[in-house]
Amino acid sequence: MMLNTTHADRNLEGDAHTPGRIGVDLQALPFADGAYDFVYASHVLEHIPDDTRALAEIRRILSPNGIAILPVPIVADRTIEYPEPNPHESDHVRAPGLDYFERYRKHFAKVECIRSSQIPRRYQPYVYEDRTGWPNGLSPLRPAMTGKRHEDVVPVCYVRTAAGLI
């Protein structure tokens with residue numbers, strides 16, 4: 001089976017001539033309503049100023065049976081919004097916490113969050129990182145987190161449930 005795909009990036013600087021790739025603004029996608037069955041945007045929404053609009057756009061372009069996988073890095077207990085992009089954090093405009101996925105539930109009928117602890121231990125889907133050095137001069141708003149093994153979460157967003165459309 002051949003899949004019809006579109007590879008879109010929020011920033012194609014230095015890569016604008018790669019065949020089959022286009023630059024897009026996730027807050028105003030240039031695709032028709034219901035045009036896609038699947039959207040995968042990994043570690044993107046923490047860079048998007050109006051993530052509510054981006055989530056609405058992702059939902060808009062998904063078909064009635066559509067699914068979106070939209071992980072963000074969980075780097076705080078609760079989401080912290082930044083007043084401007086932080087160049088020392090790859091221009092993040094927020095530090096997502098576990099509460100961040102509540103925003104998805106406003107746009108999708110079902111959001112299933114698959115956590116590291118739900119996956120067989122041998123696959124080790126954890127983020128190993130010392131996060132005790134925050135806040136600091138380069139990342140003054142990002143909070144410290146104890147431990148060196150941090151759970152990762154992959155949200156799977158469904159346009160509809162078995163009961164029907166939202």
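Colleague: Where is Ser-90 placed?

Modeller: Ser-90 is in the loop between strand E5 (80–86) and strand E6 (92–95). Bear in mind that this is a predicted model.

Colleague: What is the phi of Ser-90?

Modeller: About 55°. That is a positive phi, although Ser-90 is not a glycine.

Colleague: And what about phi of Asp-91?

Modeller: Phi of Asp-91 is near 65°. That value is positive too, in a residue other than glycine. Asp-91 has its place in the loop between E5 and E6.

Colleague: Is Asp-91 buried, exposed or partly exposed?

Modeller: Its relative accessible area is 38%. Buried needs under 20% and exposed needs over 50%, so Asp-91 counts as partly exposed.

Colleague: Which peptide bond is cis?

Modeller: The one from Trp-134 to Pro-135 is cis. Its omega is near -15°. Pro-135 lies in the loop between strand E8 (126–128) and strand E9 (149–151).

Colleague: On to the sheet. What is the strand order in the open sheet of four strands?

Modeller: The order is E3-E4-E10-E7, and the pairing is mixed. Strand E3 (36–40) and strand E7 (110–115) are the edge strands, each pairing on one side only. From one strand to the next, the twist averages 15°.

Colleague: How many bridges join E7 to E10?

Modeller: Six. E10 covers residues 153–158, and the two strands run antiparallel.

Colleague: Now the aromatics. How many aromatic pairs does a search of the whole structure find?

Modeller: Four. One of them is Tyr-100 with Phe-101. That pair is edge-to-face, at 6.4 Å centre to centre and 70° between the planes.

Colleague: Why is the pair of Tyr-100 and Tyr-104 edge-to-face?

Modeller: Their planes are at 80°, and over 60 degrees counts as edge-to-face. The ring centres are 5.7 Å apart.

Colleague: Are Tyr-100, Phe-101 and Tyr-104 buried or exposed?

Modeller: Tyr-100 is buried, at 0% relative accessibility. Phe-101 is buried as well, with a relative accessible area of 2%. Tyr-104 is buried at 0%. Tyr-100, Phe-101 and Tyr-104 form one aromatic cluster.

Colleague: Last topic, the helix. Where does H1 lie?

Modeller: Helix H1 (residues 51–61) lies across E3 and strand E4 (62–69). H1 runs at about 135° to E4.

Colleague: Which residues of H1 are buried?

Modeller: Asp-51, Ala-54, Leu-55, Glu-57, Ile-58 and Ile-61.

Colleague: Why do the buried residues of H1 line one face of the helix?

Modeller: Look down the axis of H1: its buried residues fall within an arc of 160°, so they line one face.

Colleague: And what do the buried residues of H1 pack against?

Modeller: They pack against E3, E4 and E6. E3 is also an edge strand of the sheet.

Note on methods:
Residues are numbered from 1 along each chain as its sequence is written. This is a predicted model: local features need pLDDT of at least 70, side-chain atom pairs count only at pLDDT 80 or more; totals for chains, interfaces and linings use all residues. Side-chain values use heavy atoms; hydrogens and water are left out. Buried means under 20% relative accessible area, exposed over 50%, partly exposed in between (1.4 Å probe, protein chains only). Two strands pair if DSSP finds at least two bridges between them. Axes are lines fitted to C-alpha atoms, for helices over the stretch in contact, and angles run from 0 to 180 degrees between N-to-C directions. Contact means heavy atoms within 4.5 Å. Rings of Phe, Tyr and Trp (its six-membered ring) pair if their centres lie within 6.5 Å; planes under 30 degrees apart count as stacked, over 60 as edge-to-face and the rest as tilted. The arc is that of the directions from the helix axis to the C-beta atoms.
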